[in-house]
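This report describes a single protein model, beginning with the surroundings of one of its secondary-structure elements. The sequence and the structure are shown below.

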Amino acid sequence: HNPAGIRAFIDHLSRTNQRGIDLTFGVLDTKNWQEMIQLLAPFVGHWRVILPESERAMPLEQVHKEILLSGNEVKISTYQNDYERLVRELLDPSLDGTRYVTGSMYMVGKIRNMLALPWKPLWKKRSL
């Protein structure tokens, strides 16, 4: 949900030689969303953009424009706040490859809940 997290994700994509990925993305206006899109752009073939459930959600029209500024030929699907349609499409068995979801924790959390994924702590306390 921030450039540092996106860089870690990109490290994974680079190590596993992945390009042209299918990526769901939504972001808040309080984040450096332009930088995140610029970092992700060389790796994404299909952007699925959706509004996080927050009054701070970045308008999708602006996200769409920033994606187009990357200059890469990509497919962009816009969902507004239709999470049900997004999840149905993400789970479509006719799609090949892995689908990724990144960006706002509000958006990721909602999708995790809809998929009934178990919650895992992001970090564990270490004993000294």
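The cover over the buried residues of helix 4 includes strand 1 (21–26), strand 2 (44–49), strand 4 (99–103) and helix 5 (105–114). The model is a predicted one.

The residues of helix 4 (residues 83–90) that are buried are Tyr83, Leu86, Val87 and Leu90. Because these residues cover an arc of only 95° around the axis, they lie on the same side of helix 4. An α-helix has 3.6 residues a turn, so residues three or four places apart point the same way. Glu84 and Arg88 are found on the other side of helix 4, where they are exposed.

Asp29 is placed between strand 1 and helix 2 (33–40). Is Asp29 buried or partly exposed? Its relative accessibility is 33%; buried means under 20% and exposed over 50%, so Asp29 counts as partly exposed. When residues up to four places away in sequence are not counted, Asp29 touches Arg56, Ala57 and Met58. One of these contacts, Met58, is 29 residues from Asp29 along the chain, yet the C-alpha atoms of Asp29 and Met58 are separated by 4.8 Å.

These local features belong to a protein with 5 helices and 4 strands. Along the sequence, the elements follow the pattern α-β-α-β-α-β-α-β-α. Of the contacts in the protein with a separation of 6 or more, 72% are between residues 24 or more positions apart.

The overall dimensions can be set against a simple expectation. For 128 residues, a compact globule would have a radius of gyration near 14 Å, and the protein has 15 Å, which agrees. The C-alpha trace spans about 50 × 35 × 30 Å along its principal axes.

Values for the protein as a whole are listed in the table.

| Property of the protein | Value |
|---|---|
| Buried residues, share of the 128 residues | 37% |
| Distance between the mean positions of the positive and negative charges | 9 Å |

The charges behind the last entry are 17 positive and 14 negative.

Notes:
Residues numbered from 1 in each chain as written. Predicted model: local features only at pLDDT ≥ 70, side-chain atom pairs only at ≥ 80, totals over all residues. Heavy atoms only, no water. Helix = DSSP H or I, 4+ residues; strand = E, 2+ residues; numbered from the N terminus. Rg over C-alpha atoms; globule rule 2.2 N^0.38 Å. Buried < 20%, exposed > 50% of the residue type's maximum accessible area, 1.4 Å probe, protein only. Contact = heavy atoms within 4.5 Å. Lys, Arg positive; Asp, Glu negative; His and termini not counted. Charge placed at Lys NZ, Arg CZ, Asp CG, Glu CD. Arc of directions from axis to C-beta.
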